[in-house]
Amino acid sequence: MGHHHGHHHDHDRDHGHGHRHDHGHGHGLGGHHHHGPPPDAGRAFAIAVGLNTALVVGQAIAGLWFGSLALLADAGHNLSDVLALVLAWTAAVLAKRAPSGRRTYGLRKGSILASLANAVLLLVAVGVIVSEAIERFQEPAEVAAMPVMIVAGLGAIINTATALMFMRGRHSDLNIRGAFLHMVADAGVSVAVVVGAGLIAVTGAAWIDPALSLLIAVVIVISTWDLLRDSMDLALDAAPKGLDVAEVRRWLETRPGVTEVHDLHIWAMSTTETALTAHITRPTDEDPDGFLHAACEGLAHRFGIGHATLQVERGDDYACRLAPADVV
């Protein structure tokens, strides 16, 4: 976490190098885009995985036994959640692994890949549910309404309890947000299955069961879409959602003595950590170390960018080859 400065020599300037400052990502924890998973996330994941695995097994057996596709769809939805929880939990553990050898960022990116896999997995589950529901419309099956209501009601209670465990960390980590959204959607779905089974008991209409499973499929797609889009963005090294790159550029341009900012890159190192690199043209040689320290502290506290590397250039004799906007 120490500060690394290059001293300004003429040969540095000839190559467009100059001062560098690498700011350890520990300082960024105060930023509003950068919090990290809550310390008790591991325990919440363990309890959630245990409860939901038991629920999936119970719902699958009951769905097959009592002939309810909606209950099987709910079990499928919950199974995808168990896998999603395991992925998110694994990602939270990977993010803590120290950098080593070739993996100079550690395994932080694993958390982004996990949230992407998680979203894709849910969409696969939707495909299975929809195809089964279409078959059920053509050949309606008898459903034992009362036992289905009891099992689905139990599911709603377990899902609500699990969602509450992830409520605190949902704003700071994409994977915990994914887990929270899944549980909220699950609770809603289980309540819908209870209502549907009640309607079947009253009306005897067998089509309610596959119709309800299609509704569950829609709920899964809606709750997954944002997660899929955000995960794709982060996997493609986009700046994290809610971080205005133009605003960061303007802020850097207004630092003392700065005449130009170019080769600016902002990306997510994990679902909770943000990195930045930039070349800054600063003709004045006044207090270079103080300037770099203040700029990196500002980026950490104002934007939550905890891992900033700045390259300062005088800009007098040699044009930086990375200065043009179209050069990456």
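## Surroundings of Val 148

Val 148 touches Phe 66, Ser 68, Leu 71, Val 143, Val 193 and Ala 197 when residues up to four places away in sequence are not counted, contact meaning heavy atoms within 4.5 Å. This is a predicted model, in which local features need pLDDT of at least 70 and side-chain atom pairs count only at pLDDT 80 or more, while totals for chains, interfaces and linings use all residues. Residues are numbered from 1 along each chain as its sequence is written, and side-chain values use heavy atoms, with hydrogens and water left out.

## Nonpolar cores

A nonpolar core is a set of buried Ala, Val, Leu, Ile, Met, Phe, Trp, Tyr and Cys residues joined through side-chain atoms within 4.5 Å, where buried means under 20% relative accessible area with a 1.4 Å probe and protein chains only. In the largest such core, which has 22 residues, the members touching the most others are Leu 71, Ile 129, Val 148, Val 193, Ile 216 and Ile 220. At least two residues of this core come from each of α3 (69–94), α4 (110–138), α5 (145–166), α6 (174–203) and α7 (208–235), helices being DSSP runs of H or I with at least four residues, numbered from the N terminus. The largest share, five residues, is supplied by α7.

A second, separate core of 21 residues includes Leu 252, Ile 280, Phe 291 and Ala 295.

## Val 49 in helix α2

Val 49 lies in helix α2 (residues 41–66) and counts as buried because its relative accessibility is 14%. Leaving aside neighbours within four places in sequence, Val 49 is in contact with Val 82, Leu 85, Val 86 and Trp 89.

Notes: Buried means under 20% relative accessible area, exposed over 50%, partly exposed in between (1.4 Å probe, protein chains only).
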